Amino acid sequence: MDPTLGKEGSSHDRGLYLRSFEELFDLSNSDTTSTAHFNFYFTACELYNDQVRDLLSESSSTVPKVRMGVQESFVELVQEKVENPLEFSAALKIALQNRSVNSPKAMVSHLIITIHIHYRNYVTGEHLYSKLSLVDLPASECLLEEDANRDNVTDFLHVSKSLSALGDAFASLSAKKGPVLSGNSRITQILADSLGSSSKILLIVHVSPSASNLSRTLSTLSFSARARNAELSLGNRDTIKKWKEVANDSRKELHDKEKEVLDLRQKVIGLKHSLKEANDQCTLLFNEVQKAWRVSSTLQADLKSENLMLAEKHKIEKEQNNQLRDQISHLLKVEQEQKLKMQEQDLTIQSLQTKLKSIESQLNEALNASDARSTIGSESASVISSPKITESTADSSSVTKRLEEELAKRDALIEKLHEENEKLFDRLTEKSGLGSAPQVAPKVSSSSANKPANGQGREIGRSDSSKSRSPDVVASPVSQDKTGNSGAIVKSSNELAKTTPAGEYLTSALMDFDPDQFEGFAAIADGANKLLMLVLAAVIKAGAAREHEILAEIRDAVFSFIRKMEPRKVMDTMLVSRVRILYIRSLLAKSPELQSIKVSPVERFLEKSNTGRSRSSSRGSSPGRSPVYHHGHGSRTALVDEHVHGFKVNIKQEKKSKFSSIVLKLRGIEEETWRQHVTGGKLREITEEAKAFSIGNKALAALFVHTPAGELQRQIRAWLAENFEFLSVTGVDAAGGAAGQLELLSTAILDGWMAGLGTAQPPTTDALGQLLSEYTKRVYTSQLQHLKDIAGTLATEEADDPAQVSKLRSALESVDHKRRKIMQQMRSDTALLTKEEGGSPIRNPPTAAEDARLASLISLDNILKQVKEVMRQSSTRPMRKSKRKALLESLDDLLTQMPSLLDIDHPCAQKQIMEARKVVESLEEDPDDPAPQSNALGESEVSQWNVLQFNTGTTAPFIIKCGANSSSELVIKADLRVQEPKGGEVIRVVPRPTVLADLSFEEIKGVFEQLPEAVSLLALARTADGTRARYSRLYRTLASKVTALKEIVAEMERGGVFKDVRSS
């Protein structure tokens, strides 16, 4: 038989045995999955004179055996497991060497090569078994040998017997008479399960066209004719036609599946490209997160150390606060006792006032009775009644004296209480260093802060009232510094961090105040008013240098407290007004845009009851003019309502009678210096009317805010003196120490206005609170517009290089951060009125253009960073062609991202990308770069070579040296061509198996052409999948021999990179 058909053949023209096994191995690799796999076993035996000889028994005695043949007469043969064509070729070579092909016995013996195939599915539990028997029969000339000697006759007879038995088996198959008889010969017994049933038989006949071999050819053809007439168990023609249709449908379905697989591969390529872009973005984000994490770690360490220090400080201050609370509770008890004494004194004052009213009524009756008398009668009557008048005048003087004594005692008690409050705040603020600024005299704060505590007797004048000022005068003058715009509402980080013991105590007291814990209306009012007095005392104690800090510290707590207590109507409205004025003036000091607001003079709000507007009022402003204006953006805008009615001062001049002239003479007062006196009842009436007039009057509130209290009282006193000439301070009154009538009237009007401005109007708040809300909104609006102007300027600037882009981006992000911070503070500002409370919303300037430029700068910054990375990668020279191509493609991708930028940023991006492209295109390519995955290297880059020998059945085995370079890549060294003599070795980098995953069969061949021929011979199969499987096995074999690559091989095995790895 021709060795190219029946035996192993050469390395280039392999025989039937090797090709059959390779085809089976390729088919099994295409069906192998992680849950199903194939196992191959190999047996070989020789049948000589009906005697079976195992050709593999000499190679190994420990390998398991398999039974072949019928149960009555079977043989046990050694089976060897083979996992690839190389192992099969080695086992076949051993079997053929044991047979002794060139010996005479080989011509008269049968060779049976069997490949056992086992299939197992671990999911379904399916287990299948098949086998392929390759039988080499002796030549047919054994049947016609005439000159056979005596030694060969027996051999020829056994061959003839075996062939006859096979012929009978074929005849039985053709006759369809029943099962095939297998007991006639040893060969039919061994091949019993391969004859008939569902088995398939292929008979290959070798004939000669020579005439001298005619008889042998006819004998061979006669034997093959018997086999040709055999009909296998494929069924009738209909069945065959059916199976052909099934095969055609399967081919069509296979074609559709291949097309679907091709489409899926295209999608996978697109997904990989998208994944690559996403990975790049993730890398950039990861770098940013790493930077932020480092910064946060540093800040956390700093904060931790600061927290420890603050905890110790807080512990000390907490102990001190506990001591101060005990002292405060003691002071509250003392104050309660003093309050009881003051109530007793108030009762005494009320009784004295009742007596005074009775005396006044008696005087009025006497004056009325004197009008009816004549001149003579009046002279005589004057002599008679002079003792009575003298007595009544003495009674009035004694009552007035007693009243002044009681008021002096009350002032002393109030001053003592204030001194105790000052001592308390000295202790609260001794560590915060707030005592260095100038402070208001105790007597001033006492007379003003405690003035609302006494609802009665407040109208009685005092001689020092004109020299003192209320706490609302403490506010600093309005600053003209234009740089304080941004700090008016938004607190800086330093301001937010500063706290004082007094501020912490007041904030806690205001927030923890619960009216439900008090019994009765009077107790709630007393507690609320005391807290407001403490706030005023704290500001006074802080001084002008630090008052803004403590006001800012307790700001939210104060406004929340006032808003909480307004519905209950328990607070002294004068105290509320003083607190409001302090905050509004603090806002004015920091906000230049509020300093341009102009208010009308006090004459605009005063008028005489009988003549309408006063003379000075008509000169000061016309009725059609607005009392308050704001100058902004080149025009004057009204802040409050246009028309405001003036407060009518209802005071009438008393008519002088002859009796009153007589009384003045008896008292030693000249008639020319006499002036009218205003009673206490009239002062209370004027105060209440002034309070009703000022409730909800924002124009008057603006006048109080922009004008100091002392100056305002002086203007009111001047207006009264001008419009009521009969009011004055007499010399006797001044010498006696009593307050003048103008001073009393101006104080009554000022107190009434102050009380009314602090009175809330449900559902909205008081007039000063409304004014504070409007001023705050105006400051917020100014700040937002200022940031809008800055951002608009930055958005129009062009950037020429990456440094300018980064700087411009940072500036816009900073402005945007400040704007968001202001918006966040606006939403939480307790001074602003909501829409339900009568407030108006704040207009936020649109920032769409600035936001679009910021987004464009962010995209431009990312593009420039990628361009910078391309420039960094292009610094290595010379450069491989594949890497140069990848860099150019990345620059093209950056050009496709330019539509996301604004037109103003296009020149910068275009310039940077074009410059980088010129640099990459000017780089030199590596001339020794044959393929993207295989690089020519120098032998010096591999530190150690490992030699492997691959025996493929040929006389000259393959010698391949393997190692690893500095990049942990597999490097081989072998002859470029196998047939060439030694000395033509080349060094190549072997690509990983994943490189061949998406390549076609022709592309794989192209990759192998760049490698030594030995790799192509060992890895190349008939299909692409088979080639990938062989190459994976070869790569693992080579890489596992290199110590530096063992970890990489283990990682690739875990990741399922090797296609031939089967699950055990």
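This report walks through the fold, cores, sheets and a few individual residues of a predicted model.

Some ground rules to begin with. Residues are numbered from 1 along each chain as its sequence is written, and side-chain values use heavy atoms, with hydrogens and water left out. Since this is a predicted model, local features need pLDDT of at least 70 and side-chain atom pairs count only at pLDDT 80 or more, while totals for chains, interfaces and linings use all residues.

**Overall picture**

The protein has 32 helices and 17 strands; helices (H or I, at least four residues) and strands (E, at least two) are DSSP runs, numbered from the N terminus. Of its 1064 residues, 41% are buried. Here buried means under 20% relative accessible area, exposed over 50%, and partly exposed in between, using a 1.4 Å probe and protein chains only. The accessible surface comes to about 58900 Å², and carbon and sulfur atoms own 53% of that; the areas are Shrake-Rupley values with a 1.4 Å probe, and for residues only the protein chains shown count as cover. Taking contacts (heavy atoms within 4.5 Å) between residues at least 6 apart in sequence, 72% join residues at least 24 apart.

**Cores**

A nonpolar core is a set of buried Ala, Val, Leu, Ile, Met, Phe, Trp, Tyr and Cys residues joined through side-chain atoms within 4.5 Å. The largest one holds 80 residues, and Phe561 and Trp753 touch the most other members. Helix H12 (residues 521-542) gives the most to this core, with 12 residues. Setting aside neighbours within four places in sequence, Phe561 is in contact with Leu510, Phe513, Ala528, Leu531, Leu532 and Met571. There is also a second, separate core of 33 residues, including Ala1014, Ala1019, Val1042 and Val1057.

**Strands**

Two strands pair if DSSP finds at least two bridges between them.

| Strands | Bridges | Facing residues |
|---|---|---|
| E14 and E15 (residues 958-964) | Five | Gln949 and Ile959 |
| E6 (residues 110-121) and E7 (residues 127-136) | 10 | Ile112 and Val135 |

The hairpin of E6 and E7 has five residues between the strands, and Gly125 takes a positive phi near 80° there.

**Two loop residues**

Thr500 is in the loop between helix H10 (493-497) and helix H11 (501-512). Its relative accessibility is 8%, so Thr500 counts as buried. The Thr500 side chain reaches the backbone nitrogen of Gly503 at 3.0 Å.

Gln897 is in the loop between helix H27 (881-896) and helix H28 (906-921). At 30% relative accessibility, Gln897 counts as partly exposed. Leaving out neighbours within four places in sequence, Gln897 is in contact with Ile863 and Gln866. The C-alpha atoms of Gln897 and Ser859 are separated by 8.6 Å, with the two residues 38 apart along the chain.

Key
A polar contact is a pair of N or O atoms within 3.5 Å; within protein, one must be able to donate a hydrogen and the other to accept it, and residues adjacent in sequence count only if both atoms are side-chain atoms.
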